[in-house]
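Dear colleague,

Please find below the sequence and structure that I am handing over to you. My findings follow directly after them, arranged by topic.

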Amino acid sequence: MAEALPADIPLPDLSAPPLVRIEGVQKSFGATHVLKGINLSVYRRQVVVLVGPSGTGKSTLLRCINLLSPPDSGCIWLEEQEITAPGVNQDKVRQRIGMVFQDFNLFTHLTALENVTIGMTKVLGIKKPEAREKSMWELERVGLADRASHYPAQLSGGQKQRVAIARALGMDPHVMLFDEPTSALDPELTGEVLEVMQNLAFEGDTMIVVSHEMQFAREVADKIVFMEGGYVVEEGDPDEMFTNARTDRTREFLNKIADFGETKNKK
Amino acid sequence: MPFLEKFYTTILFLLEGLGVTVSVTVIALAVGFVLGVLMAVLRVYGSRPLAALAAAYSVIVRAVPVVVTIFILYFVIASIINLTPFLAGALALGFASGAYQSEIFRGALQSVAPGQMTAARAIGMSRVQAIRHIILPQAVRLALPGWGNEATLVLKDSTLVFAVGVPEMLRRAQYVSSRTLEPFLAFGTAALLYLVLTMLTTFVLSRVEQRYRLLT
């Protein structure tokens, strides 16, 4: 499918230093050793999809990257700044990293528009009229300008997730993290969210996506990372990974997921 | 004097205390609100010593009869710093209400979904910003039904400042009773006025509740 896409898709900038560099990251929760030493580089304009069985630490890795739960050991660099170094202002780091959650987490007391503006006004200090204008533009980008005055409870799951994407985009993040953005959605609603994400990829956003949507991974990802048991087992080009994975475990997992996806779509 | 005329003069006399009753109630609720929100935030989000301090405030103040709190403030504290009986009474009621309100707001804070804090932090808000702009506005809305109940309780507790001689409605009803020797008329009228005030408060607050209801 990748051949059918327009020719001017922004390509990852592999010559510059990575936008996100992760080295030897470990994380435990109590006695559970979730991440056992992760190394990963993500380059500017790259779309990286993390796959793997549940409970292997994909979401934990995302939360380490934006320091919502900082790693126990190892280092993470964002644009060549070591964000895991002591004394780093973590709030400032998070302003540069957008995050989209599985269960949306829209602010329930605010309208769709206010969900997008609040970060701009309270965190970035943008004046209200300007923030509203920019927020409307972000909502338009996800196709929801006509829902600006709706509260989250008045939106469908897919619409909520698109507002959540607009909220993250409004902060002009340098990298976007997606934590299973379609897992809480009915199958017929996942399409609209994936489409928005695909557009972002085409616009050249750097994205790290945890997802079980293999078709999306195949069509949009520049790199697939297969994680299991707290390690990165294998990473590579999507076509290569799907047709010709190096490890048996990766092949087995991808085949299983692909079969499941097909039966789901046939229904 | 016919009954209606007596009732009329009684009600007029009591109504002169209405301003005191209402202002004691409003001051107490406002002081209690500030204390309650502050203590609730400390208990849920504060460091361990601060949370313990807030919990101790709530336990101790709720264990002491409100009249005792009023007496302590008026006879002990007011002898050190200059406080009128009115202010001592209103502040003591606020101090007491703060303990109850802290319980109301603590429950509300704890029922805000944890994802709200995560999402707020993810867009770069500090913990304090997240509490102020995201968590508290939701918690206050969730607390409204319980808070409305507390408002009516404080309204009725405002009669207790009568114990330090503040001329609120009940105090004035007692004047009437001892002067006319008709306690039923005096206290019945007072009861009626409190009923009307409580109903009014409940009505206004239920409107506010509807207006700011969190859609889920």
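**Strand pairing in chain A**

Strand β9 of chain A, residues 223-228, pairs with β10(A) in the antiparallel sense, over 5 bridges. Please keep in mind from the start that this is a predicted model. Within this pair, Val225(A) has Glu235(A) of β10(A) as its bridge partner. The hairpin that β9(A) and β10(A) form has 2 residues between the strands, and Gly229(A) takes a positive phi near 60° in this hairpin.

An open sheet is built from 6 strands of chain A in the order β6-β7-β8-β3-β9-β10, and its pairing is mixed. Which strands stand at the edges of this sheet? They are β6 (97-100) and β10 (231-236) of chain A; each has a single partner strand, so one side of each is left without a neighbour in the sheet. On average, neighbouring strands of the sheet are turned by 20° against each other, if direction is ignored.

The parallel case is found at β6(A), which pairs with strand β7 of chain A (residues 175-179) over 4 bridges. Here Gly98(A) stands opposite Met176(A), a residue of β7(A).

**Chain A as a whole**

Chain A contains 9 helices and 10 strands. Taken along the principal axes, its C-alpha atoms fill a box of roughly 55 × 50 × 40 Å. Why can the radius of gyration of chain A be said to agree with that of a compact globule? A compact globule with 267 residues would have a radius of gyration near 18 Å, and chain A has 18 Å, so the two agree.

Chain B has 9 helices and 0 strands, and its pattern along the sequence reads α-α-α-α-α-α-α-α-α. The C-alpha trace of chain B spans about 75 × 45 × 25 Å along its principal axes.

Two packing contacts of helix α5(B) deserve a description. In one of them, helix α2 of chain B (residues 18-45) packs with α5(B) at an angle of about 40°, and their axes are 5 Å apart. The two helices are therefore oblique to each other. The crossing in which α2(B) passes α5(B) is right-handed. The residues of this contact divide into 18 nonpolar, 9 polar and 2 charged.

In the other, helix α4 (residues 66-76) of chain B packs with helix α5 (residues 85-110) of chain B at an angle of about 135°, with the axes 8 Å apart. This angle makes α4(B) oblique to α5(B), and the crossing of these helices is right-handed. Among the residues that meet are Val66(B), Ile70(B) and Leu73(B) in α4(B), and Leu91(B), Phe95(B) and Ala96(B) in α5(B). The contact of α4(B) with α5(B) holds 11 nonpolar residues, 2 polar residues and no charged residues.

Yours sincerely

Notes
Residues numbered from 1 in each chain as written. Chains lettered and ligands numbered in written order. Predicted model: local features only at pLDDT ≥ 70, side-chain atom pairs only at ≥ 80, totals over all residues. Pairing = 2+ DSSP bridges. Axes fitted to C-alpha atoms, helices over the stretch in contact; angles between N-to-C directions. Parallel < 35°, antiparallel > 145°, perpendicular 65-115°, else oblique. Left-handed = near helix turned anticlockwise from the far one by under 90°. Contact = placed C-beta atoms within 7 Å. Nonpolar A, V, L, I, M, F, W, Y, C, P; charged D, E, K, R; others polar. Rg over C-alpha atoms; globule rule 2.2 N^0.38 Å.
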